[in-house]
Amino acid sequence: MAREHIRHWKVGDVEIARIVEVNDWEDDIAMLLPDGKPEYVQRFPWLVPQFATPAGKMLISFQCFALSSRDKRVMIDTCIGADRQREFPVFTNLQTTFLEDLAAAGFAPPTINTVMCTHLHFDHVGWNTRLVNGKWVPTFPQARYLFGRQEYDHWQRLRETGGYHNIDHLVDSIDPITSAGLADFIVTDHRITDEVWLEPTPGHTPGHVSVHIRSKGEEAVITGDMMHHPIQLAAPTIHGNFDMDKPLGAKTRLEFIKRYADRKVLIIGSHFCDPTSGWIVRDGDAWKLSLK
Ligand SMILES: [Zn+2]
């Protein structure tokens, strides 16, 4: 079903594949940007057709990445997962070919030895587990799962204080991993190999990280949810509805953009629709995503 959406990149010796679970979801920009209007999206014609419709609706995808570097075969996030009960129908009780797609992309599930979650939202941790005979079990029992210490502790506090509206995903996607003893708790600049390391990009969540890849002089960054849509390159400081700390999210986004603008660093957007990657270039007094 989603096999036609598999995409591959090579960054030096590092191979990256993308697996899509929900492709080209169309929604109002007001979901992401407060008071966002279709006319605002239409001010940026470079978004059409990949990232927005001519009518000014945003398009986003729900996807994750697998990469190989040295002896590590790493999941970067694990999407939404099957059989979930979630707030929105689009995420509920998904039945997809995710695991087959992963194998078709060259990353058969038993070959994965590391699972890294950029943060602990439901759409980044789902396939950590799967439902077998009514029980949630690790999808990658041979892997170490890397959870940010700060991020994990934050969600535990939210659970204890009732500070978040829905923590079902902790129960089905995180707890089974810690119970099985498969979790390692890491710092926000953790190095996975000499070619792949984490960059702290807080704001969306407190322990949020992006993933930096550098090999043989080539460079890329997988954003995570530091930004959700390329329109945020045009308006980095507009507060994002999904960010837990909105001013910090905006500050992190602006710093990130300034760090990578007009450089040969490929930006791979965790929610960017196909082609999902591009370069940050100047566009007037802001920036845009260049696909070439
Ligand atoms: Zn997300």
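Guide: A definition comes first: rings of Phe, Tyr and Trp (its six-membered ring) pair if their centres lie within 6.5 Å, and planes under 30 degrees apart count as stacked, over 60 as edge-to-face and the rest as tilted. Ring pairs link Phe62, Phe88, Phe91 and Phe122 into a cluster. This is a predicted model, in which local features need pLDDT of at least 70 and side-chain atom pairs count only at pLDDT 80 or more, while totals for chains, interfaces and linings use all residues. Residues are numbered from 1 along each chain as its sequence is written, and side-chain values use heavy atoms, with hydrogens and water left out.

Visitor: How many aromatic pairs does the count come to?
Guide: The rule gives 12 aromatic pairs. One of them joins phenylalanine 62 and phenylalanine 91, with 5.0 Å centre to centre and 75° between the planes, an edge-to-face arrangement.

Visitor: And where do phenylalanine 62 and phenylalanine 91 lie in the chain?
Guide: Phenylalanine 62 is in strand S3 (residues 58-69), and phenylalanine 91 is in the loop between strand S4 (72-76) and helix H2 (98-104), 29 residues apart, so the pair links distant parts of the chain. Helices (H or I, at least four residues) and strands (E, at least two) are DSSP runs, numbered from the N terminus.

Visitor: Is phenylalanine 62 buried or exposed?
Guide: Phenylalanine 62 is buried, because its relative accessible area is 8%. Buried means under 20% relative accessible area, exposed over 50%, and partly exposed in between (1.4 Å probe, protein chains only). Phenylalanine 91 is also buried, with a relative accessible area of 8%.

Visitor: Why is the pair of tryptophan 155 and tyrosine 164 edge-to-face?
Guide: The ring centres of tryptophan 155 and tyrosine 164 are 4.9 Å apart and the planes stand at 80°, so this pair is edge-to-face. Tryptophan 155 is buried at 0% relative accessibility, whereas tyrosine 164 is partly exposed, with a relative accessible area of 25%.

Visitor: Let us change topic. What volume does the largest pocket have?
Guide: The volume of the largest pocket is about 660 Å³. On a 1 Å grid over the protein atoms alone, a pocket is an open set of points with protein on both sides within 12 Å along at least five of seven lines, a cavity is a set where a 1.4 Å probe fits but cannot get out, and lining residues have an atom within 4 Å of a point. Grid points are joined across faces, edges and corners, and a volume is the space filled by probe spheres set on the points.

Visitor: Which residues lie nearest its centre?
Guide: Of the 28 residues lining the largest pocket, Phe88, Phe91, Phe122, Tyr164 and Phe242 lie nearest its centre. Strand S3 gives the largest share of this lining, 3 residues.

Visitor: What about the second largest pocket?
Guide: The second largest pocket holds about 170 Å³ of space. Its lining includes Trp9, Lys10, Val11 and Trp279, and the largest share, 3 residues, comes from S1.
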